Amino acid sequence: MLRLALRVQREQAELVLAELLELAPSGVEESEPEPGIVEYAVYGAPGELPALPELTAAAGGTGGALVEVRTEEIPDDWAVRWRSFHRPLVLDGLTIRPPWEPPATTPVDVVIDPGQAFGTGAHATTRLCLELLLDAPGPCGTLIDVGCGSGVLAIVAARLGWEPVRALDYDPAAVTATRENAAANDVTLEVFEFDLRADQVPDCELAVANVLAAPLRVWAATQHRFPPEVILSGLLVEEADSVATAFAARGGVEQERRHRGEWSALRLQFPSA
């Protein structure tokens, strides 16, 4: 088994990911080895991986994003060791766990299969969203998860009683993963492909967006009508002010800001139309 990894600048990470998924449609692993750097990795036997020149061109051609390319051989026990990185996340009354962990005793027990492309919700940005979602008034109607990934936020929202819940993502692998995880948790979601930079987020009572700062600023500038409540994450601490300012220009009033490590999340309210 080989692991082929590309490290890229965070500012261009989303564009690089879109290019990589054309070459590796089954998904890529994402990690953050150091501040400002995102690593994307694919796994496979020799001859099964995308060609190295193709991957290098995909990353290098995106605004000079490429930092480093690494290839390494993975030990035979890789699958077992990979599982050890995904442990249950326990918050107030909520557990999110991979399927190989035993059922939890909390009132809400959510099972998320991380696959190779997505995590189970333990990343700081997802955890911040979960904390704000658990504290949000409601459930009181429609919730939209923008950039749903593996569907963690949407599934938790459905289990908390929000209905209907819609999950949106530009990545077809995320749409597939969310549908599979929703079925595994016996919840009903409306899941479809969506580009935050080009499409309008449908009307809802609460929108949760765990994406990067750049598309959030585009959303702030282009959305025609905002929901009354918005939770934003995926923000580095130093990016939070600029994102809050962008939404404030459209009438968004910051109600709360939380930090975890180098990451921030915001809760905003918009006046009724």
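# Briefing on a predicted single-chain model

Asn181 touches Val111, Ile112, Asp113, Ser150 and Ile155, when residues up to four places away in sequence are not counted. The structure is a predicted model, and Asn181 is located in its helix H6. With a relative accessible area of 4%, Asn181 is buried. The points below begin with the chain as a whole and then turn to particular helices, strands and residues.

**The chain as a whole**

- The chain contains eight helices and 14 strands.
- Of the 273 residues in the chain, 51% are buried.
- Among contacts with a separation of 6 or more, 61% are between residues 24 or more positions apart.

- Helix H6 spans residues 172-184 and includes Glu180.
- Glu180 counts as exposed, because its relative accessibility is 53% and the cut-off for exposed is over 50%.
- Asn181, also in helix H6, is buried, because its relative accessible area of 4% falls under the 20% limit.
- Glu180 and Gly151 are 29 residues apart in sequence, and their C-alpha atoms are 9.1 Å apart in space.

**Helix H1: one buried face**

- Helix H1 covers residues 13-23, and its buried residues are Ala13, Glu14, Val16, Leu17, Leu20 and Leu21.
- These residues line one face of H1, because they fall within an arc of 150° when seen down the helix axis.

- In helix H8, which comprises residues 240-248, the buried residues are Ala240, Val243, Ala244 and Phe247.
- These residues are on the same side of H8, because they cover an arc of only 100° around the axis.

**Aromatic pairs and a cluster**

- There are five aromatic pairs in the structure.
- One of these is formed by Trp219 and Phe226, with 5.7 Å from centre to centre and 55° between the planes, and it is tilted.
- Both Trp219 and Phe226 are buried.
- Phe226 also pairs with Phe247: the ring centres are 5.7 Å apart and the planes are at 65°, so this pair is edge-to-face.
- Phe226 lies in the loop between H7 and E12 and Phe247 lies in helix H8, so their pair ties together parts that are 21 residues apart in sequence.
- Like Phe226, Phe247 is buried.
- Trp219, Phe226, Phe247 and Phe270 together form one aromatic cluster.

- Strand E11 covers residues 206-210, and five of its five residues are buried, so the strand is largely enclosed by the rest of the structure.
- In a regular strand the side chains alternate between the two faces of the sheet.
- In E11, Leu206, Val208 and Asn210 point one way, while Ala207 and Ala209 point the other way; all of them are buried.
- E8 and E11 run parallel and are joined by four bridges, with Asp145 standing opposite Val208 in E11.
- E11 and E12 also run parallel, and five bridges join them; here Ala209 stands opposite Leu232 in E12.

- Thr142 belongs to the loop between helix H4 (124-135) and strand E8 (143-146).
- Thr142 is buried, because its relative accessible area is 12% and the limit for buried is under 20%.
- Apart from neighbours within four places in sequence, the contacts of Thr142 include Trp162, Glu163, Pro164 and Arg166.
- The contacts of Thr142 also include Asp203, Cys204, Glu205 and Leu206.

**Cysteines and disulfides**

- A disulfide is a covalent bond between the sulfur atoms of two cysteines.
- The count of disulfides in this model is zero, on the rule that the two sulfur atoms must lie within 2.5 Å.
- Cys204, which is in contact with Thr142, is buried, with a relative accessible area of 7%.
- Cys140 is partly exposed, with a relative accessible area of 46%.

Note on methods
Residues numbered from 1 in each chain as written. Predicted model: local features only at pLDDT ≥ 70, side-chain atom pairs only at ≥ 80, totals over all residues. Heavy atoms only, no water. Buried < 20%, exposed > 50% of the residue type's maximum accessible area, 1.4 Å probe, protein only. Helix = DSSP H or I, 4+ residues; strand = E, 2+ residues; numbered from the N terminus. Arc of directions from axis to C-beta. Contact = heavy atoms within 4.5 Å. Phe/Tyr/Trp six-rings, centres within 6.5 Å; stacked < 30°, edge-to-face > 60°. Pairing = 2+ DSSP bridges.
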